[in-house]
2 protein chains.
Amino acid sequence: MSGLIVQKYGGTSVAQPERIQRVADRIADRYGRGHSLVVVVSAMGHTTDELIELAHQVSKRPPQREMDMLLTAGERISMALLSMALSDRGIPAVSFTGSQSGIITDGTHRRARIRRILGDRVREALSKKQVAIVAGFQGVSETKEITTLGRGGSDTTAVALAAALKADACEIYTDVDGVFSADPRVVSGAKQWRRLPHDLMVELATRGAGVLHPRSVELAKQFNVPLWVINSLRQADGTEIVMRGMEEFAVTGVTSDSAKACLEVQLTRATALSALWDLATRHQLAVVAPQFVSGRVSCFVERDCEGEWRSHLQKLVTDGFVSSYEFRSDWVPVSVVGDRFSQDGSALQSVIEALASAGVEATTGNASSLAITLAVPRSRADEAVQALHRIFIEGSEA
Amino acid sequence: MSGLIVQKYGGTSVAQPERIQRVADRIADRYGRGHSLVVVVSAMGHTTDELIELAHQVSKRPPQREMDMLLTAGERISMALLSMALSDRGIPAVSFTGSQSGIITDGTHRRARIRRILGDRVREALSKKQVAIVAGFQGVSETKEITTLGRGGSDTTAVALAAALKADACEIYTDVDGVFSADPRVVSGAKQWRRLPHDLMVELATRGAGVLHPRSVELAKQFNVPLWVINSLRQADGTEIVMRGMEEFAVTGVTSDSAKACLEVQLTRATALSALWDLATRHQLAVVAPQFVSGRVSCFVERDCEGEWRSHLQKLVTDGFVSSYEFRSDWVPVSVVGDRFSQDGSALQSVIEALASAGVEATTGNASSLAITLAVPRSRADEAVQALHRIFIEGSEA
């Protein structure tokens, strides 16, 4: 087999020169077996965080446009280094920025969405048998402004490129073996999935399974891109994300997400809901597991977008849509993802009971056909995951 | 006065966030006085050196194209940070890469030459009363490849932009007060020039006065750009580089250049000289104070281009143009620059005698109407500069 593979290596995989060498070895091996390769890279290790820290040292409110200019330096460094390491191994390689790859986005800085991918220079490199190294996380708007894709940006770049180039597979390299039924650092009995359907993976990712970003999985599902999660640090089987087939998957995983916080908003009238949704959509602010009961909205949002949410919500207060809001950053979502949940609330009930028997208080809860999500105190999240894994996954195996 | 000023801040001036704040204060002050401003920045402090070091950790021979991709990350960081610091002061600012500024170069990576400057986005920013921050040192080729301009690149960017935008002045900010008759760290009696003609500044710069790069001064001379050298770290008068006027300048400065080494090449025949010159031109390798006596060429070249020179010269040996060559890295050029030298060799003679009386051996020597350059042992360069300054400058004042 000698198809076209898009690989993506995250920040940990390229954190130091030695790791870049290891990635280069892996690519060289694959190239030697006759594959056409497009390699998407993130910035090295903590580069992005360090750049953000620098920005805050020179400005209290760095303009988003300049943040994008700053942050895109990160992938520029890692992609050039990887290209050099390949060339040192006699593998012809050429690196491209998001702009050079023709990754055209809308103009929303820090959270841009990909509109289309031109990819001419990438295709040209492939036709010359070169490995194309592409900067993850970045693009360029129609007005030639540099943009970044926000969270999960590099995964999204990889999947979007795989879709545009009609690649045979998209491989996401990371520092874990694959997708597990829970975080193995929290649940010792967590089991790895060999194959998992896209829609369950979307639910897991949305609810805190950090291994893949939900955006990229949704994109893979939409364009039918065969997606793999593979450990870049050691040989392991990995997990294949597949179109849903005949198999039953039952409860697939238990997750928690410490990057989220609970947001509660009291609307002045039910019709004010659209003003709130409009706000989230317009500013591309993620909203997870929203629920709406008699004018009160509860959901989970990115904890570090608190400032942004507050300023937008304050405006909705001024405009008369919202009467009050509360940002409860000590509450995080814990979820059970699977595809055997009925929607009558009985599954939600058994999750609440399982938590109660473990002594974990759960307040707001939300159930869909594929996932049940509850808010638990941040300090009890690990215990909650362990209790739910024991009952829903280990119990189901017994 | 409210003209258009192009300012350039080097790596030392933006080495840390606090220094970037200081530069922002200076720009804000100038903007407040009604000037239109274009600000060219280098990478922060030692960023470029650190990136080069990283490259050598992943590759024995990093491809030049990828080095350019890597190194251009440096200015991207400093320009975004400066733009943020300005915006924090309420000054509208917008940063542009070399490519966005339309700095079109030839395709020679690491040592590209500017072909022309489009500057549309810079002009547009100025028309909106924004401060345009431009990445120094970088450009883009006609085939959309990222290039860097090599040594003195940021100075060259600033002067070229000043020429293209017909700026009223180009101010080069650095960590010294201006141009001196010798390096004040070596010669305590060195005196600062308030005004200096372009052609003498070219000679000083070519011969090791690190304050300005000769390329940028030549460009300023060619396009009649009024050029200033100003201390960015404290208030001081600076030096203005002017068109030659009625004034006499006599001996202007004494320099040495430890970044250079002496190269001696024995040609097989006199006509082989053109093959050697062609090599230097084609690879844009700087050659200072060349001389040619009965088939033997002697000159000064960049010490860290030794490897490159050796591989090119070896080819000339193979092709029968060169019989032998010697790279004498323990010999450096020491020069006296001025405009009262006759070309009959008597000035050269007095320089050699001055050195001999100071006990410094000088071998190869070269005299033009504006400068006399001799090779002295690297370890004796400071003594040579002190002796020549005493005789030619302090003596001439007595």
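A crossing of two helices is called left-handed if the near helix is turned anticlockwise from the far one by less than a right angle, and right-handed if it is turned clockwise. With that term in place, I turn to the structure above, which is a predicted model.

Let me begin with helices 1 and 4 of chain B. Helix 1 of chain B passes helix 4 of chain B in a right-handed crossing. The axis of helix 1 of chain B, residues 17-32, comes within 9 Å of the axis of helix 4 of chain B, and the two cross at roughly 55 degrees. Helix 1 of chain B is therefore oblique to helix 4 of chain B. On the side of helix 1 of chain B, the contact is formed by B:Ile20, B:Gln21, B:Val23, B:Ala24, B:Ile27 and B:Ala28. Helix 4 of chain B contributes B:Leu81, B:Leu82, B:Ala85 and B:Leu86. Sorted by class, this contact of helix 1 with helix 4 of chain B has nine nonpolar residues, one polar residue and no charged residues.

Helix 4 of chain B has a further partner in helix 2 of chain B. Here too the axes come within 9 Å, but helix 2 of chain B (residues 47-58) and helix 4 of chain B (residues 73-88) cross at roughly 145 degrees. This crossing is also right-handed. Its contact joins B:Thr47, B:Thr48 and B:Leu51 of helix 2 of chain B to B:Ala73, B:Gly74 and B:Ile77 of helix 4 of chain B. The residues of this contact of helix 2 with helix 4 of chain B are three nonpolar, three polar and no charged.

I now move to the pair of chains. How many residues does each chain give to the contact between them? Chain A gives 30 residues and chain B gives 30 residues. In chain A, helices 1, 2, 3 and 4 each supply at least two residues of the side that touches chain B. Helix 4 of chain A gives the most, with ten residues. By class, that side of chain A comprises 16 nonpolar, eight polar and six charged residues.

As for symmetry, chain A is superposed on chain B by a rotation of 180 degrees with 0.0 Å of shift along the axis, at an RMSD of 0.1 Å. That is the relation of a two-fold axis. A:Ala73 has the C-alpha nearest the axis in chain A, 2.4 Å from it. Both copies use the same surface, since 100% of the contact residues of chain A recur in chain B.

Finally, the domains. Chain A is divided into domain 1, residues 4-175, and domain 2, residues 255-397. Taken over C-alpha atoms, the centres of these two domains of chain A are separated by 33 Å.

Methods:
Residues are numbered from 1 along each chain as its sequence is written. Chains are lettered from A and ligands numbered from 1 in the order in which they are written. This is a predicted model: local features need pLDDT of at least 70, side-chain atom pairs count only at pLDDT 80 or more; totals for chains, interfaces and linings use all residues. Copies are superposed by least squares on the C-alpha atoms of residues with pLDDT of at least 70 in both. Two residues are in contact if their C-beta atoms, placed from the backbone, lie within 7 Å. Axes are lines fitted to C-alpha atoms, for helices over the stretch in contact, and angles run from 0 to 180 degrees between N-to-C directions. Helices (H or I, at least four residues) and strands (E, at least two) are DSSP runs, numbered from the N terminus. Ala, Val, Leu, Ile, Met, Phe, Trp, Tyr, Cys and Pro count as nonpolar, Asp, Glu, Lys and Arg as charged, and the others, Gly among them, as polar. Domain bounds come from an automatic or database domain assignment. Angles under 35 degrees count as roughly parallel, over 145 as roughly antiparallel, 65 to 115 as roughly perpendicular and the rest as oblique.
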